[in-house]
Amino acid sequence: MTYSFLQQYWWFLVSLLAGLFVFLTFVQGANSQIFSLGRNNAERSLIVNATGRKWEFTFTTLVTFGGAFFASFPLFYSTSFGGAYWVWMLILFSFILQAVAYEFQSKPGNVFGTDGYRRFLVLNGVFGPFLVGVAVGTFFNGAEFIVCRDSMISGASISSWASPWHGLEAVCNPWNQILGFAVLMLSRTLGALYLQNNINEEALQPRFRRAVLVNAALFLLSFLPFVAYLLTAQGWAVGNDGTVVVEDFKYLHNFLALPLVLALFLVGVVAVLYGLFVSIVRQKRCGIWFAGAGTVFTVLALFLVAGLNQTCYYPSLADTQSSLHLGNSSSSEFTLRAMTIVSALIPFVLAYIVWAWRSIDIPGLSRTELENSEHKY
Amino acid sequence: MNELLFLSRFQFALTACYHWLFVPLTLGLGIVMSVMETLYVRSGDDFWKRTAQFWQKLFGINFAVGVATGIILEFEFGTNWSNYSWFVGDIFGAPLAIEGILAFFMEATFIALMFFGWEKLSRRAHLASTWLTVLGATISAWWILVANSWMQHPVGMEFNPETVRNEMLDFFAVAFSPTAVIKFSHTVLSGWMTGAVFVIAVSCWYLLKGRNMDFAKRSIKVAAIVGLIGSLGCMGAGDASGVDIAKTQPMKLAAAEGLMEGSDAAPFSIVPGLEIPHMLSVLATHDFNGFVPGINDITDNGYTNQQGETVESGAQKIAKGKVALEAFSDYRRLRKSDPAAAQQALTEFNEHKSYFGYGYLSSAEDLVPNVPVVYWSFRLMIGLGSFVVLIFLLGLWLGYKQQLERFKPFHYAALLALPCVYIAGQCGWIVAEVGRQPWAIQGLLPVNAGVSSLSSGHVLATTCIFALIFTALLVAEIRIMLRAIREYQA
């Protein structure tokens, strides 16, 4: 295993975690619709309890994504988190509220009341995916930072942010906003698909289907223009000597240079569309599995074109040569190699997650089960 | 100290202190409830099932806030300490990633089975889920304490002048350093003490109220055994920690004792003016006449350590650190234009690179942490911790004599022990973290060179938001807990 292979392997793992995380934001997407899909307390309880059995997976994937990024590409962690400060902080605030909202909402003496905690879930459900989309948008649209390793000599920060807004300027970029909106709508679509699959209440099924239709339409209206923009956009390419140059149609070139990634992307998009078709037209409840797998493939492919084929995955708008790519921002070969050995345990982890998921989900959630459950939200 | 540095440290301290309110209860209560569920599975007695379920309910309430406060700490290394993240991210990031892959998913998966699986899993599968939840939390503690121990005693790495960072050379030296083993044992077992005191205090409240008597007495017996095992281990690890700190962080030990001048017969200060002769020498070196350096030895005079090595004064180290920084600056400036001169600068840098971090300090006084805070925190930790051990012993004795119900002073003392065990835990972390100052990583990187390039206004704003949210959550948690305890009918 060469150093370059290890860097790409860890970029793949980080990308896979990103794909899994976006899929798991069905929790946020469903929560953002608690009050629109649930018309009374019993229906809202069903929705909250359906997502409440999965929220820890989403949360844990986010934390592991952060940890894996830190361990494998510490310069990104240092530059983006310390620079685009407010985007990351706002994401964190929204997830803190979510973490307690489930356990506390139905408990007596909870200070903010059941609806108060459900509003926390809605806040997280709307702002979490949107801001994550904005943050990911900077992988393609660039960010305002300068990296200077020699700053360490004086004890100054190795990376500095060229905008006094510290990340809020990224929220104002229209293409970041569009990607943020697309991620939000995707999470809402996946959320409705998940509820359709997980809740055994016939009366709610038409509402879930309608939510899939509306959210999916808004998702496609935002995602397809973003893809068109991406395929025609400039990208930041790394030369063999490490010099960074701006290249026209860089992401289109990447797709063409990486046919497997292109295939992954197309399979992902088709799977998402098939999931929607199955749910809306054939009125089946298994759409989440196709759309979920498709989401993982699509996001994985987008991350791969952002970082592979000599591309800067975190372009600098303030200083082109400061842009981050796999070669200049990763951990040492030794660290990547050590962590690669640990990563052999990932299939085992995935296996027990699948087993646990099935154990909890069979049979799906119903009012009767909820009423008889000893632990409910 | 500049405003940004102060606020960044304050924010990290605030979030860490809040987090440590919830984690020890997760670790300790997890063990107690798992033991109770094991008793249920072995005996088939439904009493133990109901008892385990009640404690699991309180565990769940506490666990949620622990998760919420924990996510902040991981990301704060990037947001507020971005220089730190780059300078040592090659070593420090790996334990965090491994924690996520191995521990967080285990916790997240099996806690869901623990709560929702009572009717869906067999008894044994459910019991396994409960134990695996606690095991996940404990493995998580292992990796985060590996990371923290590395900050106290950095090993297994080397500075790379090309990348301007430290890089890992020996994974096992990092993951299984003696400092990590000791810190893990001391910290996790103090969590067992916290969980045990929590169960005993709640149970004593029932005894005082004359409610749930059988439930309370049997819970106390289980918790007192867990607490006593935790206490014995915690004390053993504490003793080992004293020896380890004497070797690796002598300034922290000197500050914890308020020891200005070193001595071969160093006394242990109980409180100012009351000392036990030779005791500090015994604790720090396991030798009646072992030399323990004082603050002045470390900053100004230098000394000869237990291994017979000469340790330079802080002032000398700072001077050499400045030379290292200067040589490194020359190397970076000349490496492309004048390779020969750059090589000469690199050679000089390599001679002094172990002092690199000292170059960021202005004077030897900078090496001294806040002595009164460390000194009194240490005493509070030991004093309150000892009181808690007495509660376990008394609980076991009264349980053995079947006097738990009647001996009211024990009930009040147990209620008092609850805040005491939390204060002791917080003080332990204050000794560890304030005692390490001015270093973010001992001897390698001072906090002033690790902080992000932010304006203090941004950090102040997020600190206020954290303080507001965490305080609101703490109030909500305490109210929910109290209500759940008040309403429980065994």
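These questions and answers cover salt bridges, a helix pair and a surface patch in a predicted model.

Visitor: What are the ground rules for this predicted model?
Guide: Local features need pLDDT of at least 70, side-chain atom pairs count only at pLDDT 80 or more, and totals for chains, interfaces and linings use all residues. Residues are numbered from 1 along each chain as its sequence is written, chains are lettered from A and ligands numbered from 1 in the order in which they are written, and side-chain values use heavy atoms, with hydrogens and water left out.

Visitor: What makes A:E43 and A:R367 a salt bridge?
Guide: The rule asks for a side-chain nitrogen of Lys or Arg within 4 Å of a carboxyl oxygen of Asp or Glu. Here N to O is 4.0 Å. A:E43 sits in helix α4 (residues 41–52) of chain A and A:R367 in helix α19 (residues 367–372) of chain A, so the bridge ties together parts 324 residues apart in sequence. Helices are DSSP runs (H or I, at least four residues), numbered from the N terminus. A:E43 and A:R367 also belong to a salt-bridge network with A:E201 and A:R207.

Visitor: Which residue forms a salt bridge with B:E257?
Guide: B:R379, with the closest N and O atoms 3.0 Å apart. B:E257 lies in helix α8 (residues 250–257) of chain B and B:R379 in helix α13 (residues 371–400) of chain B, 122 residues apart. Both are buried.

Visitor: How many salt bridges are there over all chains?
Guide: The count is 17. One of them joins B:K320 and B:E312 at 2.6 Å.

Visitor: Why are α6(A) and α3(B) called roughly antiparallel?
Guide: The axes of helix α6 (residues 74–83) of chain A and helix α3 (residues 82–116) of chain B cross at roughly 170° and come within 8 Å. Angles over 145 degrees count as roughly antiparallel, under 35 as roughly parallel, 65 to 115 as roughly perpendicular and the rest as oblique. The pair is therefore roughly antiparallel. Among the residues that meet are A:Y77 in α6(A) and B:W86 in α3(B).

Visitor: Which residues form the nonpolar patch on the surface?
Guide: A:F181, A:L213, A:V214, A:L218 and A:L221, with about 430 Å² of accessible area together. Helix α12 (residues 205–232) of chain A gives the most, four residues. A:F181 is in helix α11 (residues 174–198) of chain A. At 31% relative accessibility, A:F181 counts as partly exposed.

How values were computed. Patch = residues over 30% accessible without salt bridge, like charges linked within 9 Å, V, L, I, M, F, W, Y side chains within 5 Å. Areas by Shrake-Rupley, 256 points an atom, 1.4 Å probe, with all protein chains shown as cover. Helix = DSSP H or I, 4+ residues; strand = E, 2+ residues; numbered from the N terminus. Buried < 20%, exposed > 50% of the residue type's maximum accessible area, 1.4 Å probe, protein only. Axes fitted to C-alpha atoms, helices over the stretch in contact; angles between N-to-C directions. Contact = heavy atoms within 4.5 Å.
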